[in-house]
Structures are given as C-alpha cells and as structure tokens.
Amino acid sequence: MTDAVIAPDALEGLVEALRRREFRVLGPTVRDGAIVYDDLETAADLPVGWTDRQDAGTYRLARRSDEARFGYAVGPHSWKRYLFPPRIRLWRARANGGSPAIEEEPLDETPLAFVGVRGCELQAIAIQDRVFTGGRVVDRDYAARRAGAFIVAVDCFEPAGTCFCTSIGTGPGVSGDYDLAMTELLDGEHRFLVRAGSEGGAEVLAELTSRGATTEDFAAAEASIEAAAGKMGRTLEVGDLRDLLANNLEHPRWDEVAERCLTCGNCTLVCPTCFCSSVEDTTDLSGEEAERWRVWDTCFSVDYSYIHGGSIRPSGRSRYRQWLTHKLGTWHDQFGSSGCVGCGRCIAWCPVGIDITEEVAAIHADAR
C-alpha cells in the first residue's frame with residue numbers, strides 16, 4: 001500500500017505503531033503559549049483545533065473553528081534541536097591520580113520519529129545533512145541521531161504571515177525524502193491522504209485503519225496545496241542573490257538595519273539550518289574532573305568572530321551582514337544551495353521585527 005486515506009482517529013494508531021518499533025515519537029504540541037516540538041505520548045498531544053498568527057516580531061496562538069491537527073504554520077522550534085541539540089557533552093576527563101582518563105561521550109542512538117515535518121523543514125533537514133555528513137568530516141553525533149530517523153511529513157495548508165516557502169521552492173507541498181507524507185483535508189469529511197515514501201513507511205501505513213484513495217481525495221489535496229501557495233505572507237526575490245549581496249557589501253541598508261538589530265541571535269537560534277556552535281570547558285571545584293560541551297552559538301556574538309587581537313566583526317552592522325550574505329549568498333559556495341528555506345521564523349521571532357525579505361527588496365530596488 002502506497003496511498004491511502006485515514007480518519008483523524010487513526011493518528012493514534014500511527015503513534016502506537018511507531019512506539020512499538022521503539023521510536024522516540026516527537027511532534028507538535030501546545031506548551032507555553034506556542035506550538036513546539038516535544039515527545040508525543042498519544043495523538044491527543046497534537047495541537048487539535050489550534051492555529052498561529054504570525055507577523056514581524058509577533059506570534060500568537062488562536063483557536064480554529066475545526067479540529068485540524070496540523071492547522072498551523074511553524075513555531076519557535078525546529079527539528080534541529082533533536083538532530084543537533086543545543087547542548088551536548090563531548091567528553092569528560094578525570095585526574096585519576098596523575099594518570100588522566102578521558103571518556104568520550106557515548107552516542108545517543110535512540111531512533112527518532114518526527115511527526116508533522118513541513119516541506120520547508122524537510123528541506124532544512126536535507127541542508128543540515130549536507131553540512132554535517134556531506135563533507136570530508138562527518139559529525140558523529142549528528143550522523144547517529146539522523147540514522148534511521150522516521151519522518152512523517154505533512155503538507156502545509158495554513159501558511160503564516162511570515163512564510164515565503166514558495167519563493168524558495170520548498171513548500172507548501174512536501175517533496176524530498178520521507179517515510180510517510182500526509183495531507184490533512186477538511187472539505188466535508190475530515191481525513192488525511194497518506195502517501196508512503198519508503199518501505200518502512202508502507203509497513204506502518206498497512207497497520208492503520210484506512211480506505212483506498214480516490215481521485216477526489218487527490219484532487220482535494222492538490223487544491224489544498226495550491227490554496228496555501230496563494231496565501232503566502234511574504235515573497236523573496238531570489239534570482240541573483242549571491243551576486244547581488246556580494247556586490248553591495250557597503251550598501252547603506254546595512255547601516256539602517258544595524259540601528260534596529262539587537263544582535264540577540266534569535267534569528268539564528270530559531271533558524272532550522274543555522275549550525276554555528278562553540279565549546280565550553282568546565283572543571284569541578286576539586287580539580288579532579290573536567291568536561292567539554294558543545295553548545296549552540298551565533299554569528300551575532302562578538303566572541304564568535306574573536307581571533308588573536310580581537311573580534312573581526314565588532315559592529316552589529318558587520319555581524320548582520322555576515323549572517324544574511326552567508327545565509328542567502330555564500331552558502332551556495334559551501335553547500336550548493338541557499339541556507340534559507342522560507343519558513344519565516346527569523347521574522348516572527350525577531351524582537352524588533354527585522355524582515356529579511358524587506359532587506360533584500362531594499363537592496364534589489366537600488367540595484368535595478
């Protein structure tokens with residue numbers, strides 16, 4: 001079975017099937033006034049009947065008039081918090097009476113199942129795959145967490161005011177590698193069109209109570225995705241961004257954005273592809289034990305660009321310019337694609353509402 005239709009109640013069977021396979025099941029749930037990704041004990045943990053309202057610098061939950069399970073865009077979390085955690089221990093060492101003993105942190109190989117991965121997020125995972133496993137050096141922790149991950153992707157039908165995935169070509173429909181992909185349909189009968197994208201996905205789908213998909217189901221799914229594409233809150237001019245930004249490094253717009261930017265790093269922390277990190281060494285009070293931890297960092301930090309003699313990006317202007325030109329420009333040189341997937345998180349979660357689509361449009365306007 002590669003395509004089928006299931007009722008909302010069958011999502012409980014999906015969670016159970018994944019848990020029987022000893023996956024740690026993760027998905028969207030409501031907590032602390034936002035839709036976040038966390039452990040799902042049952043399908044009842046999903047944000048049933050909730051949506052979000054997002055714009056530059058604003059995020060609010062709101063009740064829907066239906067019981068949609070995935071009737072929202074994206075929240076502050078991305079799946080990188082599980083594949084590339086904010087803080088992990090790398091090793092620990094003991095003095096051991098003058099014969100130091102170093103113990104490398106064992107890998108966490110708990111199989112992960114992600115439920116509710118949007119098209120933009122699926123592309124973000126693919127980008128981080130290239131960053132952490134596509135080069136000469138493979139990040140062992142990321143590779144262990146990524147191996148065997150089961151992905152249940154969901155087509156987006158409720159984009160936020162900050163979304164621009166259609167500009168990037170990453171959504172709202174799902175494309176890429178997944179195990180199962182679902183389209184939630186609310187036209188009359190509340191149902192899910194489910195497509196299997198792997199052998200493991202087909203096996204799980206076969207265990208769910210379902211019926212065969214009809215041409216009407218496929219037509220409704222296509223119409224839902226097309227409607228979402230027409231409701232994007234933002235657009236981004238992407239044509240020649242790499243050269244545009246490289247040729248405008250002294251554009252006055254960098255000064256204008258620097259007057260507003262707090263260099264807080266929120267944009268990099270919520271971004272599903274940013275991967276800057278640093279290391280912290282700690283020692284206990286006795287001096288007998290020490291640990292090294294890897295932690296998320298950001299190019300907005302003064303210390304991140306510190307070399308002998310001081311920071312090479314001491315101003316907010318230089319740090320914002322570095323972030324944007326790398327994300328939309330030189331990322332192509334390193335990884336063969338843009339570092340942006342159009343999810344809009346950096347716009348919604350910027351405390352002062354800086355909008356990268358506006359910044360790019362302003363530089364574009366002067367370049368014409």
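About 150 Å³ of space lies in the second largest pocket of this predicted model, in which local features need pLDDT of at least 70, side-chain atom pairs count only at pLDDT 80 or more, and totals for chains, interfaces and linings use all residues. Residues are numbered from 1 along each chain as its sequence is written, and side-chain values use heavy atoms, with hydrogens and water left out.

**Pockets**

A pocket is found on a 1 Å grid over the protein atoms alone, as an open set of points with protein on both sides within 12 Å along at least five of seven lines; a cavity is a set of points where a 1.4 Å probe fits but cannot get out, and lining residues have an atom within 4 Å of a point. Grid points are joined across faces, edges and corners, and a volume is the space filled by probe spheres set on the points. For the linings, Ala, Val, Leu, Ile, Met, Phe, Trp, Tyr, Cys and Pro count as nonpolar, Asp, Glu, Lys and Arg as charged, and the others, Gly among them, as polar.

The second largest pocket is lined by Cys274, Phe275, Cys276, Cys299, Tyr304, Arg313, Gln322, Trp323, His326, Lys327 and Trp331. The largest pocket has 15 lining residues, and Ile88, Arg89, Leu90, Arg140 and Asp141 lie nearest its centre. Strand 6 (87-94) and helix 4 (140-146) each supply at least two residues of that lining; the largest share, 4 residues, comes from strand 6. Helices (H or I, at least four residues) and strands (E, at least two) are DSSP runs, numbered from the N terminus.

Arg140 belongs to helix 4. With a relative accessibility of 39%, Arg140 counts as partly exposed; buried means under 20% relative accessible area, exposed over 50%, and partly exposed in between (1.4 Å probe, protein chains only). Leaving aside residues up to four places away in sequence, Arg140 touches Glu104, Glu105 and Leu107, where contact means heavy atoms within 4.5 Å. The C-alpha atoms of Arg140 and Leu107 are separated by 8.0 Å, although the two residues are 33 apart along the chain.

**Cavities**

The count comes to 6 cavities of 30 Å³ or more. In the largest cavity, 17 residues form the lining, and Cys261, Cys267, Phe300, Cys350 and Ile354 are the closest to its centre. Helix 10 (266-270) and helix 11 (316-335) each give at least two residues to the lining of the largest cavity. The second largest cavity is lined by 15 residues, with Cys271, Cys340, Val341, Cys343 and Cys346 closest to its centre.

| Space | Volume | Lining by class |
|---|---|---|
| Largest pocket | about 240 Å³ | 6 nonpolar, no polar, 9 charged residues |
| Second largest pocket | about 150 Å³ | 7 nonpolar, 2 polar, 2 charged residues |
| Largest cavity | about 130 Å³ | 14 nonpolar, 3 polar, no charged residues |
| Second largest cavity | about 110 Å³ | 10 nonpolar, 4 polar, 1 charged residues |

**Nonpolar cores**

A nonpolar core is a set of buried Ala, Val, Leu, Ile, Met, Phe, Trp, Tyr and Cys residues joined through side-chain atoms within 4.5 Å. The largest such core has 33 residues, of which Leu11, Leu18, Phe70 and Leu180 touch the most other members. Among the elements that give two or more residues to this core are strand 1 (3-6), helix 1 (10-20), strand 10 (180-185) and helix 6 (199-206). Helix 1 gives the most, with 6 residues.

Leu180 has contacts that include Leu14, Phe150, Val152, Val194 and Leu205, not counting residues up to four places away in sequence. A second, separate core of 32 residues includes Leu112, Val117, Ile125 and Phe132.

The buried residues of helix 1 are Ala10, Leu11, Leu14, Val15, Ala17 and Leu18. Seen down the axis of helix 1, these buried residues fall within an arc of 160°, so they line one face of the helix; the arc is that of the directions from the helix axis to the C-beta atoms.

**Backbone**

Most residues other than glycine have a negative phi, and most peptide bonds are trans. Just after helix 1, Glu22 takes a positive phi of about 65°. Glu22 sits in the loop between helix 1 and strand 2 (24-31) and is exposed, with a relative accessible area of 64%. Asp32 also has a positive phi, near 55°, and lies in the loop between strand 2 and strand 3. Asp32 is exposed, with a relative accessible area of 75%.

The peptide bond from Gly171 to Pro172 is cis, with omega near 5°. Pro172 is in the loop between helix 5 (165-168) and strand 10.
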